[in-house]
Amino acid sequence: MSPKQFKSIKGTHDILPEISWKWRQLEYFLHDFMSHYGYREIRTPVFEETELFSRSVGEDTDIVSKEMYSWTDQGGVNLTLKPEVTAPVVRSFIQHNLSGVNPNTKVYYWDALFRRDRPQKGRWRQFHQFGVESFGSAFPEQDGEVILMAYQFFKKLGLTEFTLKLNSIGYSECRNSYRTALTEYLKPYFSDLSETSQKRFQLNPLRILDTKVPHEKEILNDAPNIVNYLSVEDVTHFEEVQALLKTNNIPFELDPQMVRGLDYYTRTTFEITSNSLGAQNALCGGGRYDHLVEKLGGKPMPAVGFAAGIERILLALEHIQTGWKPLSTNVYIICLDEESRSAGFTIAEELREKGISTETDLLRRSLRSQMREANRTGVKLAVIIGEKELQSQKVQVKDLHKGEQSEIKRESLIDHIVHLNL
Ligand code: HAM
C-alpha cells in the first residue's frame, strides 16, 4: 500500500509560485502606502490567551462563540490562534506603553488569521489581513484619516467597483436604548425569524440587522433607525466625520443597518464592499473603539482602525489590469556537455555576483529543451556554451526577445552582459 498523501486542511490554501508574486507585489504596495501616512509596522504572535479575544471581540459574537481555534497547552493555559488583530495590537500597545512614546501611536500589520467559519468563495479558515490601528485621538480627524486611508488604498490599487458604507452606533448607553427599541419592534415577528436570528434576538439583537435572509430584510425595512438614538455629541462627531470625507471627495453611503460582527465598536463604523466579490463582498471593515484599551486593562484611550482581507483584494484585482509582472530571471545559461556545464555553473555565479539574476539547467537536458525552458521562464538572454565555444573561448549570446545572436569572448562576457543593463 502506498503511503497516505496529505492534503491542506479544509478552508486553508497554499500560495503557489504562480500566485505568490502577486502577494509580494501587494505587500510592497502596502508598505509604500503606509509610509506615506506615517504608520509603522507591528507584528504580534500567532496565538494569545483566549480571554483576550472573549473580552474584546465579545462572548456572544460568532467569532468567539463558534469560530476560534482554541486549546489548552501543556501548562494548562487557554490559548487561541488569533482570529483578528485589533485585540493583540491593543494588548501590545498597553504592555509596551506605546502611548508613552507617541501620544498618537499609528501602526499597521499584515497577518495570517484563523476562523472556523463555513468555507466559501472569499471566506477561508486561515486567511490574511492587513490593517491599521490609530490610538490617541477622540477627534473626528482620526476617524477621517483611517476611513480615507482605506478608501485611497483601494483607489490607488486601481479598484473602481467599491462602495464605502458608513454608520455610527454611538456609545453603549444609546446602544442599550436602541437595543430595547429593536427588540420591542422585532417581538411580534419572532416566530418568523430564522433560527440564527432567534438566537441573536436573545444574545445580541443588533446582529439581526446583518441578516442576508430576504424576508428578514423586509421585516427590518421599518425597524427603528439607530441614528435616532444617538446622543447630541455622537451626532456632532458623526457629522464632522462625514464633512471631512465630503471635503476630501470621498464618496460614501450611510447605512444605519450596518452592524459589525465584533463588540468593541463605539461611534463610527464602516465597511468597503465590492460587487465583484459575490456573497462575501466586504473588502474591509473597521471603526472607532474608544473603550477597548481600558477594557483590556490600559488607561482610557480613544482608537480607530480597520482591517482588509488580502484574499478578497486579490480576487477583486483579477478584474482589473494592475500592470504588475512576476519577477523573472534575466539570463539562462545553456550548456551542451559535461565540461560546458561546469563552465556554465561558474559563469552563472559570476553574473549573480554582479547582481544579474541567472539560472542554469540542473536536469542535463538537451539543447532544445533548455532553450524551451529559457523561453518559458521569460528570460531576456540565453548564453550558450558547448565544446566548440570552450575551445574557442567564445560563447553564443542570444537575445530571446529580439531573436538576435552574437558571439562574445569568454573573458569579456560578464562585462558585456553588465553593460546590457537588462
Ligand atoms: P472583520 O470585519 O472581522 O474586522 O474583518 C475584516 C476583513 O477581513 C473583512 O472585511 C474581510 O475582508 C476579511 N475577512 C474576514 N473574515 C474572513 C475570512 N474568513 N476569509 C477571508 N477574509 C476574511 C476585523 O477583523 C477587525 N479587527 C477590523 C478592525 C481593525 N476594526 C478596528 N480595527
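Visitor: Buried means under 20% relative accessible area, exposed over 50%, partly exposed in between (1.4 Å probe, protein chains only). Is Y178 buried or exposed, then?

Guide: Y178 is buried, at a relative accessible area of 1%. This is a predicted model, where local features need pLDDT of at least 70 and side-chain atom pairs count only at pLDDT 80 or more, while totals for chains, interfaces and linings use all residues. Residues are numbered from 1 along each chain as its sequence is written, and side-chain values use heavy atoms, with hydrogens and water left out.

Visitor: How many aromatic pairs does the structure hold?

Guide: There are 19. Rings of Phe, Tyr and Trp (its six-membered ring) pair if their centres lie within 6.5 Å; planes under 30 degrees apart are stacked, over 60 edge-to-face, and the rest tilted.

Visitor: Why is the pair of Y178 and Y229 edge-to-face?

Guide: Their planes stand at 65 degrees, with the ring centres 5.4 Å apart, so the pair gets that label. Y178 sits in helix α7 (residues 172–186) and Y229 in the loop between α9 (214–220) and α10 (232–247), so the pair ties together parts 51 residues apart in sequence. Helices (H or I, at least four residues) and strands (E, at least two) are DSSP runs, numbered from the N terminus. Y229 is partly exposed, at 29% relative accessible area.

Visitor: And what about Y185 and Y189?

Guide: That pair is tilted, because the planes are at 45 degrees, with centres 5.6 Å apart. Y185 is buried, at 18%, and Y189 is partly exposed, at 29%.

Visitor: Switching to the ligand. Which residues come nearest?

Guide: Of 25 residues around the ligand, E84, W124, R260, Y265 and A282 come nearest. A residue is near if one of its heavy atoms lies within 4 Å.

Visitor: What lies 2.6 Å from a nitrogen atom of the ligand?

Guide: A polar side-chain atom of Y265. Y264 also has a polar side-chain atom at 2.9 Å from a ligand nitrogen, and a backbone N or O atom of W124 is 2.8 Å from one.

Visitor: How much of the ligand does the protein bury?

Guide: The protein buries 95% of the 660 Å² that the ligand exposes when taken alone. Those areas come from the Shrake-Rupley method with a 1.4 Å probe.

Visitor: Which element gives the most to the shell around the ligand?

Guide: β10 does, with 5 residues.

Visitor: Last one: what domains are there?

Guide: Domain 1 covers 17–171 + 231–317 and domain 2 covers 331–419, with bounds from an automatic or database domain assignment. Their centres, taken over C-alpha atoms, are 49 Å apart.

Methods:
A polar contact is a pair of N or O atoms within 3.5 Å; within protein, one must be able to donate a hydrogen and the other to accept it, and residues adjacent in sequence count only if both atoms are side-chain atoms.
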